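Here is a short note for someone meeting this structure for the first time. Please read it with the model open.

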Amino acid sequence: MKTLIVLIGMMGCGKTTVGKLLAKKAGYDFVDTDQEIEKSENMSIPNIFNEHGEQYFRKIEKNKILEFINGKNLVLSLGGGAFEDEETRKILKKNGTVIYLKATPECLFERIKTAIHRPLLHKNFSVETIGFILKKRVNNYEKAHHTVDTCGKTPDEVCEKLMRFVK
Ligand code: S3P
């Protein structure tokens, strides 16, 4: 039985907040891959981008995800770009239930306008930039097993919707 729940979606869609709530409610463990990367690299995500570049980050991100693919009773929250990798997508879809937390650029902008820790948005932070990144990724996000709309919903309301995927 698949007891690995994988949350994907853009920066600010609520993967970490909702993931923690869901894990608590379901009695599952919770892992956020960005946090795990920061721990094992002993460096913040922006510093990893600055010092080593995005390509390096993507490599360690992929390896980190692979460490958790056999997780049982686990909610795994991914960074917004992680599902772009084809092999990662295939493995996650085979091993877990992948859920796309969907949100519009406007709604994402409102949620993350005060967060400064996202290197991809440092230079040009706007609804347009978020929309541009989303447009490039949406095709892959939609390959998730399920999509849940998060706009206008509280983390608790989204969590409630996700409970039906808990076995
Ligand atoms: C990224 C999203 C971030 C983090 C990194 C890159 C992306 O995670 O992995 O800054 O490419 O969208 P969150 O989606 O948790 O913000």
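1. Ground rules. This is a predicted model, in which local features need pLDDT of at least 70, side-chain atom pairs count only at pLDDT 80 or more, and totals for chains, interfaces and linings use all residues. Residues are numbered from 1 along each chain as its sequence is written, and side-chain values use heavy atoms, leaving out hydrogens and water. Helices (H or I, at least four residues) and strands (E, at least two) are DSSP runs, numbered from the N terminus.

2. Helix 1 against helix 8. Helix 1 (residues 15-26) packs on helix 8 (residues 155-162) at about 55°, with the axes 9 Å apart. Axes are lines fitted to C-alpha atoms, for helices over the stretch in contact, and angles run from 0 to 180 degrees between N-to-C directions. Helix 1 is therefore oblique to helix 8. Oblique is what remains once angles under 35 degrees (roughly parallel), over 145 (roughly antiparallel) and 65 to 115 (roughly perpendicular) are set aside.

3. Who touches whom. On helix 1, the contact (heavy atoms within 4.5 Å) uses T17, V18, L21, L22 and K25. Helix 8 brings P155, D156, V158, C159, E160 and L162.

4. The largest core. A nonpolar core is a set of buried Ala, Val, Leu, Ile, Met, Phe, Trp, Tyr and Cys residues joined through side-chain atoms within 4.5 Å. Buried means under 20% relative accessible area, exposed over 50%, and partly exposed in between (1.4 Å probe, protein chains only). The largest such core has 42 residues, and I5, I8, L92, L101 and L162 touch the most other members. Strand 1 (4-8) gives the most to this core, with five residues. A second, separate core has six residues, including I37, I45, I48 and I60.

5. L162. Which residues does L162 contact, leaving aside its neighbours within four places in sequence? They are L7, V18, L22, I99, L101 and V148.

6. T3. This residue sits in the segment before strand 1. T3 counts as buried because its relative accessibility is 11%. T3 and F165 are 162 residues apart in sequence, yet 9.0 Å apart in space, C-alpha to C-alpha.

7. Two positive phi values. Most residues other than glycine have a negative phi. N42 has phi near 55°. N42 lies in the loop between helix 2 (33-41) and helix 3 (45-52), and counts as exposed at 71% relative accessibility. N73 has a positive phi of about 50°. N73 is partly exposed, at 35%.
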